[in-house]
Amino acid sequence: MLTAGEQVLFLVLALLSAAATLAGLCDMWRIVRRGERELALDGLASRLRDTLTASLLQRKTLRMRKLTSWLHLGVVWGFSFYALVNLGDLLEGYVPGYHFPAREGLLAELYRLAADLLSVAVLVGVLWFVLRRALRPWRAELQFPSNVLLHPKARAGAISRDSRIVAGFILLHVGARFLGDALAVAGEGGDLARPFASLAAPLFAGVDARGGELLRHLFWWLALGSIALFTPWFPQSKHAHLFMAPLNFLTRPQRRSPGALAPLDFGDESREQFGAAKLEHLDQSQLLDAFACIQCNRCQDVCPATTTGKELSPAALEINKRYEIGGQFVALAAGAESERPLLGSVISESALWACTSCGACTDICPVGNEPMHDILEIRRDQVLMEGNFPAELQAAFNGMERQGNPWGAARDERMRWARGLDIPVPTVEENPGCELLYWTGCAVSHDPRAALTARALVKLLHAAGVNYAVTGERENCSGDVARRAGNEYLYEELARGNVETLNELAPARIVVTCPHCLHNLDSEYPQFGGDYEVVHHTQLLDELGAEGRLPQPPARPGARITFHDPCYLGRHNGVFDSPRRALGSLQGEMVEMPRHRSDSFCCGAGGAQFWKEEEAGSRTVGAERYAEAAASGADIVATGCPFCLQMLESSKGDGVGPVLRDVAELLAEGLPADDSGQEGSAHAG
Ligand code: SF4
Ligand code: SF4
């Protein structure tokens, strides 16, 4: 128990600390509230459950860097349990003769055992975090490419300094508490419920009663006094994530898909800003992201742009936001305008346009951050407010505006892909009672390579006896390119037009052969009043195969087939199993690339990249992915996206290596070659 003087002193210290910490947290909250779009709190019960699960199980953290992540889990559990331990120690310090939770009995023993094991877990974990900063290859995980824009403070080592301070605090706090336990065990003569403290007890073997009493007080003060000293500093440091990461999970935006963007309100005449030019134009959740970021660089590790040497690092974006906020903390909290535009302070122009919107960063982030959404909001500002975007995108915008497709091809060419087929391909006008509407998308209509997929699919639908029709010339581009490029105004026009058409047609079900069409029709058109049942063709083929309605394709004994998960099919819309099951009918050997399913690596086309030159880097994203596919030993790379096919096929070039095929093409191979070859029936590769 503390002396009366100590009790008063600690109370004063704790009150001062709480006031200073609260002031910092209130400023943080005021800064977050400066943002656009409110934090979401609908469905609070399920949000609370998800937050608790995410915080305690750390599943996302455990997806990579296994050793560090398991040790981090020990620190999380230990620190969470220490909330109880600190409360117990506080009560013991103030209530004479009290033992938390009891002097003896099973509960007391379990508590002592948990405290002992978790103290060691925290100490070992934190020592590892200190050590790994000095050890290759782990050190590399925390570094940034030299061409990435990084705030000068972060570049000068502020992140490491922050980490050292916090590591020092934790070692002091938990270490002192652990030594206090070892001292107690030394005095009591062994405790099976405190195995590690018992091992350390001999350190205090020669300590007499007076010395023991002094040390007991010292360890109490080091353990609890350190909390009072350090907590006011927490809101200023990256370790604010201890509070902010759970809050970030709790208030995440509700999205139909992780890649679904929030619409802009062009009808609001009071609005002077569209997209994000400055910190305060970001959403509240995006400002919270900066405080929640643990600066672990996991998002950077999986980013196709960083991996291929571009200037973009999603981790640097979040860290730059944090340091930009930190540099004007009090002023921002007081409502001042932020000093610098986001472009140039948190992200470079080249990095802004290098994002493929693959979603890997948002998918991997252990605290639920969404750097991709920041990038797309900044693009909106650049396109809508500044008219500043890569010149090549202008042609795609013009094509969508004038002809309803980014190729700029004539509208009446929309059915060209079906020429020469000797099976009927009815339009909705010809078959208004169809059960299934095939929304072909622009690629099929205007890219001869994608046309092969459409031709294969309709042959399969015909063979399976499906009552379908195509939208034909009534289709416009889904607008995906416009939205991902930041041209929300154009996107909204296209989306509203398509929704009007589709609502008029009222299809029972829609099938698409492009994951970008899938994403827009299924996940984003509900924002404009379009709610449809949409499936990707690999899902439909999987279904038809399971019903026994598809002809058996020729067996491919010995063939090794791998499936490349398109980002907008897999990560953004959760379709992973159907294409793999559909490919099962080929009876070849399925192999997986190291990066597959939700860890899949982008082809480099998304985020409007297909319509512009790739930014300078060490290699193209497509080349990186094709090399991975080739290294898997596959003979065939199957996929389900016209843009993935194009990007990977052009990465293959004329060299040797696996061939690229859409799943539909592979399944249709046994069907009669019933077309004239007008659309280039010879496969590339
Ligand atoms: S969406 Fe993909 S390309 Fe863009 S920052 Fe995230 S990981 Fe990188
Ligand atoms: S955004 Fe997420 S994954 Fe990226 S550095 Fe921050 S916490 Fe890590």
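1. In this predicted model, the cover over the buried residues of helix H1 includes helix H10 (284-292), H13 and helix H14 (329-333). The buried residues in question are Met28, Ile31 and Val32. Helix H1 itself runs over residues 4-32. At 1.5 Å a residue, its 29 residues should span 42 Å, and this agrees with its end C-alpha atoms, which are 42 Å apart.

2. The largest share, three residues, is that of H13. There are 16 residues around ligand 2, and those that come nearest are Cys293, Cys296, Cys299, Ala315 and Cys365. By class, the shell around ligand 2 consists of eleven nonpolar, three polar and two charged residues.

3. The shell around ligand 1 may be described in the corresponding way. Of the 16 residues around ligand 1, the nearest are Cys303, Cys355, Cys358, Cys361 and Met372. At least two residues of this shell are supplied by each of helix H12 (304-307), helix H16 (360-364) and helix H17 (371-386). H17 provides the largest share, three residues. The shell around ligand 1 has 13 nonpolar and three polar residues, but no charged residues.

4. Glu615 deserves a separate point. This residue is found in the loop between strand S6 (589-591) and H26. Is Glu615 buried or exposed? A residue is buried if 20 or more other C-beta atoms lie within 10 Å of its own; Glu615 has 21 C-beta neighbours inside 10 Å and therefore counts as buried. Leaving aside residues up to four places away in sequence, Glu615 touches Lys310, Glu311, Ser350, Trp353 and Ala354. Of the pair Glu615 and Ala354, the C-alpha atoms are 5.9 Å apart in space, although 261 residues separate the two in sequence.

5. Helix H26 (residues 621-631) packs with helix H27 (residues 642-652) at an angle of about 80 degrees, and their axes are 8 Å apart. Angles of 65 to 115 degrees count as roughly perpendicular, and H26 and H27 are therefore roughly perpendicular to each other. On the H26 side the contact involves Gly622, Ala623, Arg625 and Tyr626, which meet Met647, Leu648, Ser650, Ser651 and Lys652 of H27. The residues in this contact of H26 with H27 divide into four nonpolar, three polar and two charged.

Methods
Residues are numbered from 1 along each chain as its sequence is written. Chains are lettered from A and ligands numbered from 1 in the order in which they are written. This is a predicted model: local features need pLDDT of at least 70, side-chain atom pairs count only at pLDDT 80 or more; totals for chains, interfaces and linings use all residues. A residue is near a molecule or strand if its C-beta atom, placed from the backbone, lies within 6 Å of it. Helices (H or I, at least four residues) and strands (E, at least two) are DSSP runs, numbered from the N terminus. Ala, Val, Leu, Ile, Met, Phe, Trp, Tyr, Cys and Pro count as nonpolar, Asp, Glu, Lys and Arg as charged, and the others, Gly among them, as polar. Axes are lines fitted to C-alpha atoms, for helices over the stretch in contact, and angles run from 0 to 180 degrees between N-to-C directions. Angles under 35 degrees count as roughly parallel, over 145 as roughly antiparallel, 65 to 115 as roughly perpendicular and the rest as oblique. Two residues are in contact if their C-beta atoms, placed from the backbone, lie within 7 Å. The expected span of a helix is 1.5 Å times one less than its number of residues. A residue is buried if 20 or more other C-beta atoms lie within 10 Å of its own, exposed if 12 or fewer, and partly exposed in between; C-beta atoms are placed from the backbone.
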